[in-house]
Every structure is written in structure tokens, then in C-alpha cells.
Amino acid sequence: MGKNIIVLGTQWGDEGKGKIIDLLSNRVNYIVRYQGGHNAGHTLVVNGKKIVLHLIPSGILRKNITGILGNGVVISPYVFLNEVNMLEKKGYFIKNRIKISNSSFLLLKYHELMDIFREEQLKKKSDNDFYIGTTCRGIGPAYEDKIARRGIRISDLNHMDLLISKLHRNLDFYNFLFRKYYKKPIIEFDSVMKEILDTRNELLKMATDISTILIDANKKNKNVIFEGAQGTFLDIDHGTYPYVTSSNSTSGGASTGSGIGPRSFDYILGVTKCYLTRVGSGPFLTEQLNEIDSHFFKFGKELGSSTGRRRRTGWLDLPLLRKSIQVNSISSLCLTKLDVLDGLKNIKICVSYRSLKNNKKFHEVPDHYKDWEDLEPIYEILPGWNDRTKGIKLFSLLPKNAQNYIRIIEELVKIPIDIISTGPDRLDTIFLRSFLNKLI
Ligand code: IMP
């Protein structure tokens, strides 16, 4: 039987999953996106040229890969087909290697407008508690429609009469809010219909029953990677609600978002950046607003690849990482961007929190974001290293203090670190215990 591996981020996204998936993709045949939409972004550099992908799994550039968008993904038809056509023009013939679920939902122009209008209004209000800082791609409203059972699925494209009446009903609802609540122009039925008619045939050619494809693939000894977008603490259920995205980015989402049962997964790799970043609003206890932030920003190139926003940065937070291991059933970790710590005099790791009210120590992450305001991080301070780790491929060649740093994290979170990334290149990687190597 082929193996099913989930690769996901253990933090707030942007952990460097793209490189690791790329690295493993020569040993698998399918890469599945199971949630999110074009809020995600991967920048690939191929032959010195930049390619940015938002919806299509990045492994698609390898000829052995079939890229799949599961039912848990929300698909913007124009964005998706523009990506397909852009790759075809560059000579990557992927049309026959990309499949979308009959049950994925369409993300349409009115979702995007709703996201923009809502965020604009919230930003203006003095009470900043409700401003999320979304990517304004329409992700939240598209999932709202899904949950409210008024969403339009790919398979609705086979039932145009029904689709047209659904669209009329949805536009009545959205246009009422646009006009009355947000005081904005309405969106015309014909303009939304145009996007649907322009893209319908192409989408239907790729639409299929993903669950059966994946089960059959395993039977034929094919390995599959399930690629989590965003990260654990942006998960709608387990993240720092309400400062989250609107889908399940945790490992459970791989099952519900692709249609194969929870017992199907063999390995869950948690990708963890050696420090923390987040984009948009929300709690962040170890955030640094000082020269450490400048260091992470400069050496980690911490600019969002979808929106170009500067990422907030801070020290690694182990209570968060432990919770992530717990909610995802993580098998092992891949530590990324070790080289970004090069040159720091001291490196801090948050090992627990202290209550500002009563000095009590906490090892758990509070459920309510307001409760984070009463906590401060307790740090273990480790000596940094002057030598470069960039590009090192063997653990024994790392500076002693870097080895020590990795061992301490492993001890404190009690699961193995399997892979360490020491630079952006595929080759800048240390395989430590290679559990994954044995599996696929
Ligand atoms: P949304 O997914 O556009 O609704 O945004 C909700 C929150 O998730 C915002 O704080 C975004 O900045 C964040 N977010 C969404 N996608 C990503 C991503 O791919 N990387 C990092 N943060 C993201």
C-alpha cells in the first residue's frame, strides 16, 4: 500500500512548508490541498525565474505529480485557471495532472467584495478587537456560504438551472448587505455569471471524485502528500479564534477536506520555524518589537507572499508547539530557517507563561485570546553561535550551540526532530533520523 503523509505548519503559517513538500515530492505521486484557498502563497524560483502559486500545489512542477484540490478547498475560478494557464504557457503541461473535487466550493467575486468591505469597516472602528487583517481574498465569506448551506459547488456546474436560482438568491442576500449595511454599489448578476460561464467547461474537465482517486492510488502503491495551508493556530477550531482563517488547517482537515478516513494517514510532519511569525491581528506573546524583529525580518525575509505585508516576528513558543503536537498527532518535526538565527548573541525559547495577576506558571495555551493579555512568556536563554549554519547538510557539522539548541527543543517537546532546514535551497537540509526516508 502507498503511504499518506500530512505536512502542515505548527504555528501561524509561513513555516516554510513549500520547500519541504518540494523536497519530498520526488517520492510521491499525488499532492493534495485539503483546505483554504488563494489566501495561501508559495514563491518558487525555477531557473532564476519567480513563479507564485496560490491554489495549485507547488509540487505540480514535477512531472510525476498529480495535483489535487480536495472538497475542503474554496476555489476562485479565475484565479485557479489563470494559474493553470500561466504554468502551461511556461511549458509545464499540467492540465491532465490536476484534479478538483466535485464537492469543492466556488469562491466568487461577491465573497471577495464582502471580505474587503467588512475589513474596511472594522479597521475604521475605534474598537480594534474585531479587525482580523484577512488577506481580503473572500475566504471567510466563501466558507460562511458553505456552512450556511447556500454555497455553490463544482458539481452545481452540471445543474445550471439550479445554479442560476442559487446565484439569484445569494446575490439578493449579498446585495442587500452591500447596499444597506456597507453603503457600497451592488454586484450585477451578469458579471458573476460571466465568470462561471467563462470557466465552467475547463473546471468540469478537471472535476472528479477525489476520495476514490486517493484510495485507488494507495492500492497501486502510490504515496500521497496532504499539504496543509496556513498553520495550526490559524485553524478555525483550534487557532487563536477569532484571529484565524475559516477552515481546518490542522490534520483533521486532511480527512474531512479530501474524503478519506482518519485511519488512512501514516505520518504527520509538523513544520516549525525556529522563531515565530504571524500576519494580521491576534495574540502573540513572544512578539519582538525591537532589533530582534529587524534581525528576523532582514535575514528571514519575512514579507507575506500573498499580500506583501510585513510579518510580525518573535521567539519560538513551546507551549504553542506542544499544543500543536497534541491537536495534530504530529509524528515528528521539521525545523526550518535555522540559519536565520546565525549571528544572534542569545537565543530565547519560551518554555512556559507566567500570570501577571498572581505570578502563577502556566504550561498551557489559554483558549480565549483575552486571557493571553494577563500572561508573560518565561524564557530559557541559550547562547547563540557566530559560525554560519547556512547550507550545512550534516548535524555533526553544525556549531555546538546550534546542536544544543535543537536537542533542547526535542527534549522539551518530547517528539523527534526529523529534518532541519538550513537555507532556501533543496540541498540545504539535514535529515536527522530519517523516519520519513524509510517510510516513502
Ligand atoms: P483569511 O484566511 O484571508 O480570512 O485571513 C485570516 C487570517 O489568516 C489573517 O490573519 C491572515 O493574515 C492569515 N492568513 C491567511 N492565509 C495565510 C497564509 O497563507 N499564511 C499566513 N497567514 C495567513
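Predicted model: local features only at pLDDT ≥ 70, side-chain atom pairs only at ≥ 80, totals over all residues.
Residues are numbered from 1 along each chain as its sequence is written, and side-chain values use heavy atoms, without hydrogens or water. Local features need pLDDT of at least 70, and side-chain atom pairs count only at pLDDT 80 or more, while totals for chains, interfaces and linings use all residues.

Helix α10 spans residues 318-328 and helix α11 residues 400-413. Helices here are DSSP runs (H or I, at least four residues), and strands are E runs of at least two, numbered from the N terminus. The two axes, lines fitted to C-alpha atoms over the stretch in contact, come within 10 Å and cross at roughly 55°. That makes α10 oblique to α11 (under 35 degrees is roughly parallel, over 145 roughly antiparallel, 65 to 115 roughly perpendicular, the rest oblique). Contact (heavy atoms within 4.5 Å) involves L318, L321, R322 and I325 of α10 and I409, L412 and V413 of α11.

The structure holds 13 aromatic pairs. Rings of Phe, Tyr and Trp (its six-membered ring) pair if their centres lie within 6.5 Å; planes under 30 degrees apart are stacked, over 60 edge-to-face, the rest tilted. W12 and F284 form a tilted pair, 5.2 Å centre to centre with 55° between the planes. W12 lies in the loop between β1 and α1 and F284 in the loop between β12 and α9, so the pair ties together parts 272 residues apart in sequence. Both W12 and F284 are buried (under 20% relative accessible area; exposed is over 50%, partly exposed in between, with a 1.4 Å probe and protein chains only).

The ring centres of Y181 and Y182 are 4.9 Å apart and their planes stand at 85°, so this pair is edge-to-face. Y181 is partly exposed at 47% relative accessibility, whereas Y182 is buried at 13%.

Note on methods:
Axes fitted to C-alpha atoms, helices over the stretch in contact; angles between N-to-C directions.
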